[in-house]
Amino acid sequence: MAASEAKKQITGEQQEELETVFARARKALAVIETYDQARVDRLCQAVAWSVANKRSFSRLVEMGIAESGLGDADSRMGKRMKIRGVLRDALRQKSVGIIEELPEKGIAKYGKPAGIVACVVPTTNPDLTPAGNAIYAIKARDVVIFSPHPRSKKTSFETVRLMREALEREGAPADILQCVTKANIPMSQAIMARADLVIATGGQAMVQSAYSSGTPAYGVGAGNSTMIIDETANLEEAARNTRLSKTSDFGSGCSADGNLLIDARVFDQLLSRLQGEGGYLASAAERDALRRVMWDDAGQRLPDTVAISPQKLAAAAGFAIPEDRKFIVVQGDGIGRERPFSGEKLTTLLAVYRYSGFDQALEMMRAIYEVGGKGHSCGIYSFSQDHIHRLALAAPVSRIMVRQPQSKANAGAFNNGMPMTSSLGCGTWGGNVVSENVHLKHYMNTTWVSLPIKEDKPSDEELFGEFYDAALEADEPALAA
């Protein structure tokens, strides 16, 4: 939306809805904050199941794609597994009363609600984002007001309606979860300004708006996931995982693989493997045509080619590709802001680059993140612990996936230990306050209770080591009169 719209005031109808949802939220908060651990755990299960069952989620997926025109139904269905993962993580943690004890330090931590949470929902996840946030919020005994993206607001509203019905069946206030109906940028800003906490998942403009709302906020940074494939990689695994990551929901996620940096010794082999996985290798002329329909003259990403099938993407650029192709591969024509293929794509297109020597791979990786995506995600296909370690030391990102499909793994998976989430903090690199996956602890306040313990005071000699000089600690002799 235009910047001018963000400056508009909300209408009278929006103001009335705003007052109503916040009044209801405060009443619901007064109830849920009295619930014990067993009660909130049961509510989490009820709410999660209302959306994550196959019948309901299938309908929401179809509804969301029809409403927004974005995404792929088959791969989007897999996102209901993320709801199960969020529920798993939530149920395994405490959130009421004493949630952690450190006897050696005399510390006990008590979980408390954050309060009224404003959740801004992206158009690409109108069902997953409300469900995941609802589970963590209910576990923390918060209430949530969802502000859906206008392009998929009906789907988000239906998702929240299902969860509200689940709450009512359990005898809990439905207003623990609410979704505004008159959504736009000014309305989202008004909600964020009045809430106790903001969870903002969406474009950079929305995240910046969340941080400037005056309310504590967790946001996400832009993605530009880049994977290094070295000479030790299992190329079959790397190609398969690249296809899984790149094609998930037509590449709409900020975690979808955008760039592959490939060791020159295995470059041709991997390129062949990618084509075997359904990749279409574009010619130089086709690459130029794709650039014209994906970015404008100023380098801004054009929305019409976001999250569409490779066939539609090719057609928009003026050429045709076989129906069995699942994504498009272009050979990178350089790295830099003037080279848009080295930036975020958000569709079924992947750029590949050749490197010679791991030092060059790290240099290219750093250059790509200067174009965009700093703080988000990186990855590597390698069995060299030295290469993995050197990448971890050098990459300006919050998460590195080793031999895993980035968009299926970095927000949590059942075969890794990343916290399950739909919000990926990108640290100060990405303009965020956290550099980790946003999960349960971020939805809670914590009270620390401290008991006295045996004194733990090292001597100055231990603390300062070789710098300690006893003479400088001695009292100066009194000066003679």
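The model is predicted. Its protein chain holds 18 helices and 15 strands. The radius of gyration is 25 Å, close to the 23 Å that the globule rule gives for 481 residues, so the chain is as compact as a globular protein of that length. The C-alpha trace spans about 85 × 70 × 45 Å along its principal axes. Burial is also on record here: 55% of the 481 residues count as buried. Contacts reach along the sequence too. Of those between residues at least 6 apart, 71% join residues at least 24 apart.

Now to the helix pair. Two packed helices are described by the angle between their axes and the distance between the axes. Helix α11 covers residues 235–247, and helix α12 covers residues 267–276. Their packing angle is about 45°, and their axes lie 9 Å apart. The crossing of α11 past α12 is right-handed.

Which residues of α11 and α12 make the contact? The table lists them by helix.

| Helix | Residues in the contact |
|---|---|
| α11 | Leu 235, Glu 236, Ala 238, Ala 239, Thr 242 |
| α12 | Gln 269, Leu 270, Arg 273, Leu 274 |

Sorted by class, the contact between α11 and α12 has five nonpolar residues, two polar ones and two charged ones.

Note on methods. Residues are numbered from 1 along each chain as its sequence is written. This is a predicted model: local features need pLDDT of at least 70, side-chain atom pairs count only at pLDDT 80 or more; totals for chains, interfaces and linings use all residues. Side-chain values use heavy atoms; hydrogens and water are left out. Axes are lines fitted to C-alpha atoms, for helices over the stretch in contact, and angles run from 0 to 180 degrees between N-to-C directions. Helices (H or I, at least four residues) and strands (E, at least two) are DSSP runs, numbered from the N terminus. A crossing is left-handed if the near helix is turned anticlockwise from the far one by less than a right angle, and right-handed if clockwise. Contact means heavy atoms within 4.5 Å. Ala, Val, Leu, Ile, Met, Phe, Trp, Tyr, Cys and Pro count as nonpolar, Asp, Glu, Lys and Arg as charged, and the others, Gly among them, as polar. The radius of gyration is taken over C-alpha atoms; the globule rule is 2.2 Å times the number of residues to the power 0.38. Buried means under 20% relative accessible area, exposed over 50%, partly exposed in between (1.4 Å probe, protein chains only).
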